[in-house]
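Biologist: Before we discuss this model, could you put the sequence and structure on the screen, so that we can go through its pockets and its sheet in turn?

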Amino acid sequence: MTIRTCIASQRGGVGKTSLAVNLARSLVEVGQTVLLVDTDPQASATWWLGQDVSRALAEALADGSPLEPGVVSTTSGVALV
């Protein structure tokens, strides 16, 4: 069964990134497969997970290209776009 979760708020500084990253890591720890899609323009979740920022998501949204080439594995086990 696939479960999709969105963490969103228009306000800044309310903990969206820390919640998303920690939830993703926690789910991986209990054996779940997680794909975290970082839509933040500053790519904060990508930075928190120790990855270099790429334009994979922006390009996929702009021209409809597939997301798969932009998915990277992190050391914590979370897949990230």
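Biologist: Which helix and which strand each supply at least two residues of the lining of the largest pocket?

Modeller: This is a predicted model, and its largest pocket has a volume of about 920 Å³. Of the 26 residues that line this pocket, the closest to its centre are Thr5, Cys6, Leu35, Leu36 and Val37. The elements that each supply at least two lining residues are helix H1 (16-29) and strand S1.

Biologist: Which helix gives the largest share of the lining of the second largest pocket?

Modeller: The second largest pocket holds about 340 Å³ of space, and of its 19 lining residues, Asp38, Ala43, Val53, Ser54 and Leu57 lie nearest the centre. Its lining comprises 10 nonpolar, 5 polar and 4 charged residues. The largest share, 4 residues, comes from helix H3 (residues 56-63).

Biologist: In S3, which residue is the bridge partner of Val72?

Modeller: The open sheet has 3 strands in the order S1-S3-S2, with mixed pairing, and its edge strands, S1 (35-36) and S2 (72-73), each pair on one side only. Strand S3 (residues 79-80) runs antiparallel to S2, to which 2 bridges join it. Within S3, the bridge partner of Val72 is Leu80.

Terms used:
Residues are numbered from 1 along each chain as its sequence is written. This is a predicted model: local features need pLDDT of at least 70, side-chain atom pairs count only at pLDDT 80 or more; totals for chains, interfaces and linings use all residues. Side-chain values use heavy atoms; hydrogens and water are left out. Two strands pair if DSSP finds at least two bridges between them. On a 1 Å grid over the protein atoms alone, a cavity is a set of points where a 1.4 Å probe fits but cannot get out, and a pocket is an open set with protein on both sides within 12 Å along at least five of seven lines; lining residues have an atom within 4 Å of a point. Grid points are joined across faces, edges and corners, and a volume is the space filled by probe spheres set on the points. Ala, Val, Leu, Ile, Met, Phe, Trp, Tyr, Cys and Pro count as nonpolar, Asp, Glu, Lys and Arg as charged, and the others, Gly among them, as polar.
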